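Subject: Structure handover

Hi,

Here is the structure I promised to pass on. Please open it alongside this note; my findings follow below.

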Amino acid sequence: MAECPVCGAEVELAADAVVGELMECADCGAELEVLEVEPPALGEAPETEEDWGQ
Ligand SMILES: [Zn+2]
């Protein structure tokens, strides 16, 4: 379990979550980024724009 940095709710990471993965807090709907897997830590995802290319 990790804590949502926005609302403090406990968020369960997917078993196969990887660092950098984006997920959504089920409680407040915030977009979260997986910062660490072990131990799990979440941060607010950067503003997402349609610029995923490199
Ligand atoms: Zn939240």
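Overall size comes first. This is a predicted model. The protein chain has 54 residues, and a compact globule of that length would have a radius of gyration near 10 Å. The chain has 11 Å, which agrees. Along the principal axes, the C-alpha atoms fill a box of roughly 30 × 20 × 15 Å.

Next, secondary structure. The protein chain contains five strands and zero helices. Read from the N terminus, the order is β-β-β-β-β.

Take the contacts between residues at least 6 apart in sequence: 24% of them join residues at least 24 apart.

Which residues form the largest nonpolar core? There are seven: A2, C4, V11, C25, L32, V34 and L42. In soluble globular proteins, nonpolar side chains tend to be buried together.

Setting aside neighbours within four places in sequence, L42 contacts A2, E3, C4, P5, V11, L32, E33, V34 and L35.

C7 sits in the loop between strand 1 (2–3) and strand 2 (10–11). Is C7 buried or exposed? C7 counts as exposed, because it has 12 C-beta neighbours inside 10 Å, and the exposed class runs to 12 or fewer. Beyond four places in sequence, C7 is in contact with C25, D27 and C28. C7 and G29 are 22 residues apart along the chain, with their C-alpha atoms separated by 9.5 Å.

G20 lies in the loop between strand 2 and strand 3 (22–24). G20 is exposed too, because 9 other C-beta atoms lie within 10 Å. What does G20 touch, not counting residues up to four places away in sequence? The answer is E33 and V34. From G20 to A41 is 21 residues in sequence and 11 Å in space, C-alpha to C-alpha.

Best wishes

Technical notes:
Residues numbered from 1 in each chain as written. Predicted model: local features only at pLDDT ≥ 70, side-chain atom pairs only at ≥ 80, totals over all residues. Core = buried A, V, L, I, M, F, W, Y, C linked by C-beta atoms within 7 Å. Buried ≥ 20, exposed ≤ 12 C-beta atoms within 10 Å, placed from the backbone. Contact = placed C-beta atoms within 7 Å. Helix = DSSP H or I, 4+ residues; strand = E, 2+ residues; numbered from the N terminus. Rg over C-alpha atoms; globule rule 2.2 N^0.38 Å.
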